[in-house]
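Thank you for making the time this morning. I would like to walk you through one structure, slowly, and I will start from a single residue before widening the view.

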Amino acid sequence: MTLQQFNNSVTEQLRIELIKCCGSSSWVENVLPKLPFASIDILKKESDRIWFSLTEKDWKEAFAHHPKIGDVEILKKKFASTANWVSGEQAGVQSANEKVLIDLKSGNDDYELKFGYMFIVCATGKSAEEMLSILQMRLKNSPEEEIKIAAEEQNKITHLRFDKLFS
């Protein structure tokens, strides 16, 4: 899709494309009135401004639109509309050994228990071992620190997905 096609799309199609980039309905509804965008960079800057003005509830809604790192079965079933994007983003997990996958599952469970939402990381270019290390380090964070880090990671993912949408 080109930026011009995006700018000229009907609102319902735009919602579908935007929700693939970021799963926060508040974010989507705040991006829509800003159309048309003169460039992808302007879209990203406006997206950033909107994203960081939202509430933790909005951020957590976006996090819930991702499969857990390493959960390939859920990826295929629940996230079919973004499965191609996510499988590329989580490519590092596909070659992981069983112990690393078990540790990721356990760490994901610990993270969700501690913070109340799933572990979110911009996985593109990271091996399963790197993601596991990041997960283990972030488990040491306070809830106040961690929500900000998770929001930053979601924002990185949103930017990558804009790039995929317009490639």
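Let us begin with Lys 156, which sits in helix H11. Please keep in mind from the outset that what you see is a predicted model. Lys 156 counts as partly exposed, because its relative accessibility is 43%, a value between the 20% and 50% cut-offs. How far apart are Lys 156 and Cys 122 in sequence, and how far in space? They are separated by 34 residues along the chain, while their C-alpha atoms are 6.3 Å apart.

Staying in helix H11, we come to Gln 154, and here the picture is another one, since Gln 154 is buried, with a relative accessible area of 0%. Which residues does Gln 154 touch, once we leave aside its neighbours within four places in sequence? The list is Cys 21, Cys 22, Trp 51, Ala 62, Phe 63, His 66 and Ile 120.

Two of those names, Ala 62 and Phe 63, bring us to helix H5, as both take part in the contact between H5 and H11. In general, a pair of packed helices is described by the angle between their axes together with the distance between those axes. For helix H5, residues 56-63, and helix H11, residues 143-165, the axes come within 10 Å and cross at roughly 50°. The two helices are therefore oblique to each other, and the crossing in which H5 passes H11 is left-handed. On the H5 side the contact is made by Glu 56, Trp 59, Lys 60, Ala 62 and Phe 63, and on the H11 side by Ile 147, Ala 150, Ala 151 and Gln 154. If we sort these residues by class, the contact has six nonpolar, one polar and two charged residues.

Let me now step back to the protein as a whole. There are 11 helices and zero strands, so that, if one reads along the sequence, the pattern is α-α-α-α-α-α-α-α-α-α-α. The protein has 167 residues, and 46% of them count as buried. If we take the contacts between residues at least 6 apart in sequence, 67% of them join residues at least 24 apart.

Next, the charged pairs. As a general point, side chains of opposite charge can pair when their charged atoms come close. How many salt bridges does a search of the whole structure find? The search finds 12, and I will show you three of them.

One of them joins Arg 15 and Glu 12, with 3.2 Å between the closest N and O atoms. Both residues lie in helix H2, residues 11-21, and they are three residues apart, which is about one turn of the helix. Arg 15 is partly exposed at a relative accessible area of 27%, and Glu 12 is also partly exposed, at 49%.

Another joins Arg 49 and Glu 46, where the closest N and O atoms are 2.5 Å apart. These two lie in helix H4, again three residues apart and about one turn of the helix.

Lys 68 is partly exposed at 26% relative accessibility, and so is Glu 112, with a relative accessible area of 31%. Both belong to a network of salt bridges that links Lys 68, Lys 105, Asp 109 and Glu 112.

Helix H9 also holds Asn 108, which counts as buried at 3% relative accessibility.

I will finish with the backbone. Most peptide bonds are trans. The bond from Leu 35 to Pro 36, however, is cis, with omega near 0°. You will find Pro 36 in the loop between helix H3 (25-31) and helix H4 (40-51).

Note on methods. Residues numbered from 1 in each chain as written. Predicted model: local features only at pLDDT ≥ 70, side-chain atom pairs only at ≥ 80, totals over all residues. Heavy atoms only, no water. Axes fitted to C-alpha atoms, helices over the stretch in contact; angles between N-to-C directions. Helix = DSSP H or I, 4+ residues; strand = E, 2+ residues; numbered from the N terminus. Parallel < 35°, antiparallel > 145°, perpendicular 65-115°, else oblique. Left-handed = near helix turned anticlockwise from the far one by under 90°. Contact = heavy atoms within 4.5 Å. Nonpolar A, V, L, I, M, F, W, Y, C, P; charged D, E, K, R; others polar. Salt bridge = Lys/Arg side-chain N within 4 Å of Asp/Glu carboxyl O. Buried < 20%, exposed > 50% of the residue type's maximum accessible area, 1.4 Å probe, protein only.
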